[in-house]
Amino acid sequence: TSMCQEHRSNDLKELQNKLSLLQDDVRNGGGQQKVICVSTQVIEAGMDISFEAVVRVLAGIDNLVQVIGRCNRSNEYGNLGKVYLIHLKNENLGMLQDIKYRQICTRKVLEFRKQIGETSSISGQAVHRYYQYLFEEIRGKIRYPVKSYGTEIYLMDLLSNNNGSANGKENAGYLLHQPFKTAGQIFEVFDKDTIDVLVPYQQGKKLIEQLKSMEEKQFHLENFKEIMQKAKKYTVSIFENEKERLGRQGVLHGILENRIFVLDDKAYHESYGLMDMEEYGE
């Protein structure tokens, strides 16, 4: 997600082309040349791409199911694909407690399957057992804080019998006391405290220049809308703290009265996308 949509799309096309050549080579008895992709979990879903083998850092069974779908999808390599789970030594998950709990539960499932001699780790029973372990593991630990009417409340509390609304006499006659509808309305998969930043990737450079030139001329709303429609493929979403940091580094600028924020060339890498200048250096 440090890359804009067009950047990811181009990289994926290049990867697919290289893999297609490799798969043709395998069918013709070759296949000595290898293609290696190092990725975040963004590659796990919604991508029709197939590797001969996959190495995955230990995570949840649901992540395992997804990554298996990127391995020998249609028997392109003429044999069984291999998926390896790696438990990293001294992995720091202090700020990623959810992943930590998922790892714990996956290991419990794997150990249980081994004890009973079950070879498949993604059978229906294994997945069911994984979620049983997970819900038991996170009970009372992850409460999912959310803001509602200016007050911090917890989704786990709303979905329990001890949410405060179950004890009043006016609610005594109801079978269910959990406000499922309220919880559903305020739950968000992704935080919304982000802004879109226009990056200087390929056509994005030209769009940035066009927007900057509008500051020196009379503003035309229709032209602005047309440029912004094209710019959607060249934006990256960042959090407020990232915006402040990039601003301090002098690589993020507001234009057109801060309607749009644009990134400098030196802060966007042709291979990695958005970069933190403090981490990588200028």
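**Notes on the predicted model**

1. Overall make-up. The protein has ten helices and ten strands. The model is a predicted one, and the points below should be read with that in mind. Of the 282 residues in the protein, 31% are buried. The accessible surface is about 18900 Å², and carbon and sulfur atoms account for 50% of that surface. Among contacts with a separation of 6 or more, 59% are between residues 24 or more positions apart.

2. The largest nonpolar core. This core has 28 residues, and the members that touch the most other members are Leu198, Leu211, Leu263 and Tyr268. Two or more residues come from each of β5 (194–198), α7 (203–213), α8 (221–231), β6 (235–239), β7 (252–255) and β8 (260–263). The most is given by β8, with four residues. As a general background, nonpolar side chains in soluble globular proteins tend to be buried together.

3. Which residues does Leu211 touch, not counting residues up to four places away in sequence? The list is Leu198, Phe224, Ile227, Met228, Ile255, Leu256 and Ile260.

4. The β7 and β8 hairpin. These two strands run antiparallel and are joined by four bridges. His253 has Val262 in β8 as its bridge partner. Four residues lie between the strands of the hairpin, and Leu256 takes a positive phi near 55° there.

5. Which residues of helix α2 (residues 61–68) are buried? They are Ile61, Asn63, Leu64 and Val67. Their arc around the axis is only 155°, so they sit on the same side of α2. The elements that these buried residues pack against are β1, β2 (82–86), α3 (97–116) and α4 (124–138).

6. Arg56 in strand β1. Arg56 belongs to strand β1, which spans residues 53–57. Is Arg56 buried or exposed? With a relative accessible area of 13%, Arg56 is buried, because the cut-off for that term is under 20%. The side chain of Arg56 makes a polar contact of 2.7 Å with the side chain of Glu44. Leaving out residues up to four places away in sequence, Arg56 touches Gln41, Glu44, Asn63, Val67, Tyr84, Leu85 and Ile86. Asn63 and Val67 from that list are among the buried residues of α2.

7. Asn72 lies in the loop between α2 and β2. Its relative accessible area is 12%, so Asn72 counts as buried. A polar atom of the Asn72 side chain lies 3.1 Å from the backbone nitrogen of Glu76. Not counting residues up to four places away in sequence, Asn72 touches Ser50, Phe51, Tyr77, Asn79, Leu80 and Gly81.

8. Two asparagines with positive phi. Asn75 lies in the loop between α2 and β2, and Asn90 lies in the loop between β2 and α3. Phi of Asn75 is positive, near 55°, in a residue other than glycine. Asn90 is not a glycine either, and has a positive phi of about 60°. How accessible are they? Asn75 is partly exposed at 47% relative accessibility, whereas Asn90 is exposed at 72%.

9. Lys108 in helix α3. Lys108 is found in helix α3, one of the elements that the buried residues of α2 pack against. The relative accessible area of Lys108 is 34%, so this residue is partly exposed. Leaving aside neighbours within four places in sequence, Lys108 is in contact with Tyr133 and Glu137. Lys108 and Arg129 are 21 residues apart in sequence, and their C-alpha atoms are 9.2 Å apart in space.

How values were computed. Residues are numbered from 1 along each chain as its sequence is written. This is a predicted model: local features need pLDDT of at least 70, side-chain atom pairs count only at pLDDT 80 or more; totals for chains, interfaces and linings use all residues. Side-chain values use heavy atoms; hydrogens and water are left out. Buried means under 20% relative accessible area, exposed over 50%, partly exposed in between (1.4 Å probe, protein chains only). A polar contact is a pair of N or O atoms within 3.5 Å; within protein, one must be able to donate a hydrogen and the other to accept it, and residues adjacent in sequence count only if both atoms are side-chain atoms. Contact means heavy atoms within 4.5 Å. A nonpolar core is a set of buried Ala, Val, Leu, Ile, Met, Phe, Trp, Tyr and Cys residues joined through side-chain atoms within 4.5 Å. The arc is that of the directions from the helix axis to the C-beta atoms. Accessible areas come from the Shrake-Rupley method with a 1.4 Å probe; for residues, only the protein chains shown count as cover. Two strands pair if DSSP finds at least two bridges between them.
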